[in-house]
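Colleague: Please pick one part of this model and look at it closely. I would like the side-chain packing, with geometry and cut-offs.

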Amino acid sequence: MTSYICTRGAAVNPFLFNLFSAPAILRLPAFARLPLAYVISRRRARVAREIYRKLGGGSPLLANTEAQATALEAVLGLQHRCFVAMRYWHPTSEETASAVADWGADEIVCLPLYPQFSTTTTASSLAAWRAAAARRGIECRMRVVCCYPSEPGFVAAIAGLIRPVLAAAGGYEKPPRLLLTAHGLPKKIVQAGEPYPQQVEVTAAAVIAALSRPGLDWRVCYQSRVGPLEWIGPATDDEIRRAGKDGVPVVVAPISFVSEHSETLVELDLDYRELAAASGVPAYHRVPTVGAEPGFIRSLAALVHRGATEDRVESCAFGFSRCALSGSGV
């Protein structure tokens with residue numbers, strides 16, 4: 001289960017409207033949220049079209065997610081099927097619920113592809129799924145894996161991808177600075193009780209421990225700011241500028257994204273690379289997302305098995321209350 005997918009041309013506007021009209025994104029009453037979502041989506045459409053033009057006309061996120069699902073099915077075995085449900089575009093939760101019902105599942109484990117829990121992503125996706133499943137009349141046992149910020153296979157996969165990139169960035173006058181970048185959130189959402197930034201920090205600390213490089217220069221930072229609200233920081237672009245002032249090479253590693261899409265292939269690979277060059281950064285290197293790395297997929301399989309055997313409805317690395325599922329409406 002994942003989010004943020006767009007296809008070509010005419011799909012941009014409805015995708016953006018679906019995104020910004022979600023109560024988890026714009027926390028306003030419907031009478032104010034829906035007109036505002038229409039205005040924002042119209043204004044953002046030109047920017048979004050340019051982003052997808054750079055990607056060849058559409059996002060690869062669905063194809064990448066389907067590859068992960070196929071890999072996960074192979075590890076889980078013949079008695080399991082993996083279905084993909086996107087949050088704001090096709091296949092929607094409604095479409096996926098119909099496919100699940102037609103297959104005749106006798107047990108469901110919901111596995112969001114968000115390692116760190118947020119009401120804007122995980123909780124919103126699970127709420128959409130549960131509503132769709134209820135409308136389709138799905139009544140079998142359903143379990144949820146709400147988060148896995150320090151799952152060993154996930155952490156090991158990130159660290160394994162970082163090591164060769166750090167080595168490649170090591171031939172300069174100063175040692176490289178590692179920027180562990182995650183999607184940002186507006187401060188007002190975090191101040192309402194989001195566990196997301198704490199879980200990002202947990203992921204970062206686990207990755208640094210796995211790398212086991214004493215003296216490594218590293219930072220956690222946040223990307224993808226949109227709109228006039230104040231967002232949590234430090235911002236990834238600000239950290240790139242600071243690296244330029246310090247004269248250090250940069251290695252950027254995404255730790256909240258598990259597959260390649262516009263925020264990695266455009267924001268990290270193109271926009272921030274240009275910013276690094278303009279800011280005097282000696283070298284800019286980007287670490288791939290974990291994608292279908294075998295260790296990551298095996299980790300997801302372990303989470304699915306754990307979720308299927310948990311007595312609780314929610315399976316959580318931190319315990320039910322830490323992820324706020326009890327208060328998130330899912």
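Modeller: Start at Tyr148. It is buried, with a relative accessible area of 1%. Buried means under 20% relative accessible area, exposed means over 50%, and partly exposed lies in between (1.4 Å probe, protein chains only). Phe154 is buried too, at 0% relative accessibility.

A word on the basis. This is a predicted model, where local features need pLDDT of at least 70 and side-chain atom pairs count only at pLDDT 80 or more, while totals for chains, interfaces and linings use all residues. Residues are numbered from 1 along each chain as its sequence is written, and side-chain values use heavy atoms, leaving out hydrogens and water.

Now the rings. A pair of aromatic rings is described by the distance of the centres and the angle of the planes. Rings of Phe, Tyr and Trp (its six-membered ring) pair if their centres lie within 6.5 Å; planes under 30 degrees apart count as stacked, over 60 as edge-to-face and the rest as tilted. Searching the whole structure gives 3 aromatic pairs. One of them joins Tyr148 and Phe154: edge-to-face, 6.0 Å centre to centre, with 85° between the planes. Phe154 also pairs with Phe296. That pair is tilted, at 5.9 Å centre to centre and 50° between the planes. Phe154 sits in helix H6 (residues 152-168) and Phe296 in helix H12 (residues 294-309), so their pair ties together parts 142 residues apart in sequence. Helices (H or I, at least four residues) are DSSP runs, as are strands (E, at least two), numbered from the N terminus. Phe296 is buried, as is Phe154. Tyr148, Phe154 and Phe296 form one aromatic cluster.

The axes of H12 and helix H3 (residues 61-76) come within 9 Å and cross at roughly 65°. Axes are lines fitted to C-alpha atoms, for helices over the stretch in contact, and angles run from 0 to 180 degrees between N-to-C directions. In the contact (heavy atoms within 4.5 Å), H3 supplies Gln68, Ala71, Leu72, Val75 and Leu76. H12 supplies Phe296, Ile297, Leu300, Ala301, Val304 and His305. By class, the contact of H3 with H12 has 9 nonpolar, 2 polar and no charged residues. Here Ala, Val, Leu, Ile, Met, Phe, Trp, Tyr, Cys and Pro count as nonpolar, Asp, Glu, Lys and Arg as charged, and the others, Gly among them, as polar.

Last, the setting. The protein chain has 12 helices and 7 strands. Buried residues make up 52% of its 330 residues.
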